[in-house]
Amino acid sequence: MLDVVKEKALALAEAIVELEEYREFIEMEKKLKEDEEAQKLLAEFHRKQQDFVSKQMSGEFDQDLLNELSEIQSKLSIRESVVNFLDAYNRLLSVLSEVFEVISERINIDIAEIYRRY
């Protein structure tokens with residue numbers, strides 16, 4: 001019986017791969033990876049974010065670092081590759097949420113709730 005479920009899961013995965021939302025997500029992800037400026041900004045943002053969190057955990061609040069993070073975030077929010085990627089990601093996420101909702105309803109288990117709980 002498990003083999004049948006796995007087979008159907010693979011069929012579902014294949015159907016998802018054929019979705020326009022999935023193909024667009026993959027295309028936008030590729031364009032984002034090719035955008036060298038966006039990649040530099042993202043790397044800098046992640047480094048500074050880690051520094052900020054580390055400082056917060058040790059009881060320190062660095063307003064200058066927070067300002068730098070906000071500035072980088074503003075730069076990222078106007079880059080076409082970032083905006084297009086996030087739009088495509090959100091559309092794909094919406095479709096996948098609908099799929100999980102259908103499965104959850106059919107098996108009478110809220111998959112998302114279980115995920116949030118643990």
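Predicted model: local features only at pLDDT ≥ 70, side-chain atom pairs only at ≥ 80, totals over all residues.
Is aspartate 35 buried or exposed? Its relative accessibility is 14%, and because buried means under 20%, aspartate 35 counts as buried.

The arginine is one of its partners. The side chain of aspartate 35 also reaches the backbone nitrogen of glutamate 37, at 3.2 Å. If we set aside residues up to four places away in sequence, aspartate 35 touches Arg79 and Ser81. Ser81 will come back in a moment, as one of the buried residues of H5.

Two packed helices are described by the angle between their axes and the distance between the axes. For H2 and H3, the axes come within 5 Å and cross at roughly 80°. That angle falls between 65 and 115 degrees, so H2 is roughly perpendicular to H3. Which residues make the contact? From H2 we have Leu32, Lys33 and Glu34, and from H3 we have Glu36, Ala38, Gln39 and Leu42. Sorted by class, that contact has three nonpolar residues, one polar and three charged.

Next, helix H5, which covers residues 80-107. H5 has 28 residues and reaches 41 Å from its first C-alpha to its last, close to the 40 Å expected at 1.5 Å a residue. Its buried residues are Ser81, Val82, Phe85, Ala88, Leu92, Val95 and Ser104. Just after H5 comes asparagine 108, which takes a positive phi of about 60°.

My last stop is leucine 12, in helix H1, residues 2-17. At 33% relative accessibility, leucine 12 counts as partly exposed. Which residues does leucine 12 contact, leaving aside its neighbours within four places in sequence? Those are Val99 and Ile103. Leucine 12 and valine 99 are 87 residues apart along the chain, yet their C-alpha atoms are separated by 9.4 Å.

Note on methods
Residues numbered from 1 in each chain as written. Heavy atoms only, no water. Helix = DSSP H or I, 4+ residues; strand = E, 2+ residues; numbered from the N terminus. Expected span 1.5 Å × (residues − 1). Buried < 20%, exposed > 50% of the residue type's maximum accessible area, 1.4 Å probe, protein only. Polar contact = N/O pair within 3.5 Å; in protein donor to acceptor, adjacent residues only side chain to side chain. Contact = heavy atoms within 4.5 Å. Axes fitted to C-alpha atoms, helices over the stretch in contact; angles between N-to-C directions. Parallel < 35°, antiparallel > 145°, perpendicular 65-115°, else oblique. Nonpolar A, V, L, I, M, F, W, Y, C, P; charged D, E, K, R; others polar.
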